[in-house]
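Subject: Structure handover

Hello,

Here is the structure you asked about, with its sequence. My notes on what was found follow below it.

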Amino acid sequence: MRWIIFFTIALVLMDGTGMCKGLQDIDALLRAARSGDARAMCELGTAYFHGRGVLRDPLKAKCWVKQAHERGYEKAESIWNRLELWKYAGDCSLGFDEQLLPHRHSGDRFREPVTGMVFVWVPGKCFKMGCSGNGADCPRDESPARRVCPEGFWMGQYEVTQAQWMALMPGNPSRFRGDDLPVEQVSFEDAREFIDRLNRETGLEFGLPTSVQWEFACRNRGRRPAYAWGDEDFRPKANCGGCDAGPFRGRTAPVGSFPANEIGLYDMGGNVREWCRTRMDGGRRRVVRGGSLVDPVSSSRCRAGQGALPGMKTYFTGFRLVLKSLD
């Protein structure tokens, strides 16, 4: 697919040391750097080093500053030495920044060709993840609050269904059977095997969402509603314990049976819990998000996360995917 990319250099103010003071348009700065602008490469490197407008990534910082130096930008060497970028391992010759920047808009759709999964474009921006405070308004698993800046990504519009699972995997592990029901009784490792097969078939880079991506998408790009459906906490229309699940109470529902959130994602607040690739407190457990048919409404809060061992399989745990890039 051929994309038209408009190269517009961002206005980036710098102090006397060459450090970034502000990034008004990180996407424009990325486009400028990719077009060969050595100054933009150096500014982008400092942005990645400090995590200003992008997720902190010292390897990308190293590689962008290295490219700026190779193009003869005079400040690159001093920035390289000041930030001690030689300390960070990684090969800058292996396509460290291959992701393209096509023009996309919130809510754009992409259909993956092997299983037919539909993905929704979620533009990135900075937001405050979690919450601050004590008591019922800010449970322990939702704190502390911190500012994070996810880049844009494609996220599955629905949880992975049993039909999509069986297009690549032998057998159906689910307790509740139906092609358009979410696949469940799958472990973290099972989900990764499915992803590996899908990536080999498509040549694309799918994965489980990070905890940051999941919360950002559930909250309609980091806004304030407590739940994917809004702030209602008394029998909302969703498939969770205490929700108005209609005829699906006590079992999974076909994906898309309940209203989507504002950016077009379904079942972010029920049906099955969803594996994330983020580790829980740095240990073996992985984060699961979203509540399920057996969980109370409080577990469906966008900020709420639980931990589960990667080998766990239950009839109330499934997953959805994200797509890192679409070239």
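Serine 187 counts as buried, since its relative accessibility is 3% and the cut-off for buried is under 20%. Please keep in mind throughout that this is a predicted model. Serine 187 sits in the loop between α5 (162–166) and α6 (188–202). If its neighbours within four places in sequence are left aside, serine 187 has contacts with Trp275, Pro310, Gly311, Met312 and Lys313.

The sheet

There is an open sheet of 4 strands with mixed pairing, and the strand order is β9-β8-β7-β10. The edge positions belong to β9 (305–308) and β10 (317–318); each has a single partner strand, so one side of each has no neighbour in the sheet. Helix α7 (residues 211–218) packs on this sheet, where it touches β7 (273–279) and β8, and its direction makes about 135 degrees with that of β7.

As background, strands of a sheet pair through backbone hydrogen bonds, in a parallel or an antiparallel way. Here β7 and β8 run antiparallel and are joined by 3 bridges. Glutamate 274 has arginine 289 in β8 as its bridge partner. The hairpin of β7 and β8 has 6 residues between the strands, and in this hairpin aspartate 281 takes a positive phi near 55 degrees.

Strand β8 (residues 286–289) is also joined to β9, by 4 bridges, and these two run antiparallel. Arginine 286 is paired there with alanine 308 of β9 as its bridge partner. Which way do the side chains of β8 point, and are they buried or exposed? Arg286 and Val288 point one way, Val287 and Arg289 point the other way, and all are buried.

The cysteines

The count of disulfides comes to 4; I describe some of them here. A disulfide is a covalent bond between the sulfur atoms of two cysteines.

Cysteine 63 is joined to cysteine 92, with the sulfur atoms 2.0 Å apart. The torsion about this S-S bond is about -85 degrees, so the disulfide of cysteine 63 and cysteine 92 is left-handed. Cysteine 63 belongs to helix α3 (residues 58–70), while cysteine 92 is in the loop between α4 (76–82) and β1 (109–111), so the pair ties together parts that are 29 residues apart in sequence. Cysteine 63 and cysteine 92 are both buried.

Cysteine 218 forms a disulfide with cysteine 302, at an S to S distance of 2.1 Å. The torsion about the S-S bond of cysteine 218 and cysteine 302 is about -70 degrees, so this disulfide is left-handed.

Cysteine 240 and cysteine 243 make another disulfide, with their sulfur atoms 1.8 Å apart. The torsion about the S-S bond of cysteine 240 and cysteine 243 is about 55 degrees, so that disulfide is right-handed. Cysteine 240 and cysteine 243 are buried as well.

Two further cysteines have accessibility values. Cysteine 42 is buried, at a relative accessible area of 1%. Cysteine 276 is buried too, at a relative accessible area of 0%.

Helices α1 and α2

The axes of helix α1 (residues 26–34) and helix α2 (residues 38–50) come within 8 Å and cross at roughly 130 degrees. By that angle, α1 is oblique to α2. The crossing of α1 and α2 is left-handed. On the α1 side, the residues in contact are Ile26, Leu29, Leu30, Ala32 and Ala33. They meet Ala40, Met41, Glu43, Leu44, Ala47 and Tyr48 of α2.

Regards

How values were computed:
Residues numbered from 1 in each chain as written. Predicted model: local features only at pLDDT ≥ 70, side-chain atom pairs only at ≥ 80, totals over all residues. Heavy atoms only, no water. Pairing = 2+ DSSP bridges. Contact = heavy atoms within 4.5 Å. Axes fitted to C-alpha atoms, helices over the stretch in contact; angles between N-to-C directions. Disulfide = S-S within 2.5 Å. Buried < 20%, exposed > 50% of the residue type's maximum accessible area, 1.4 Å probe, protein only. Parallel < 35°, antiparallel > 145°, perpendicular 65-115°, else oblique. Left-handed = near helix turned anticlockwise from the far one by under 90°.
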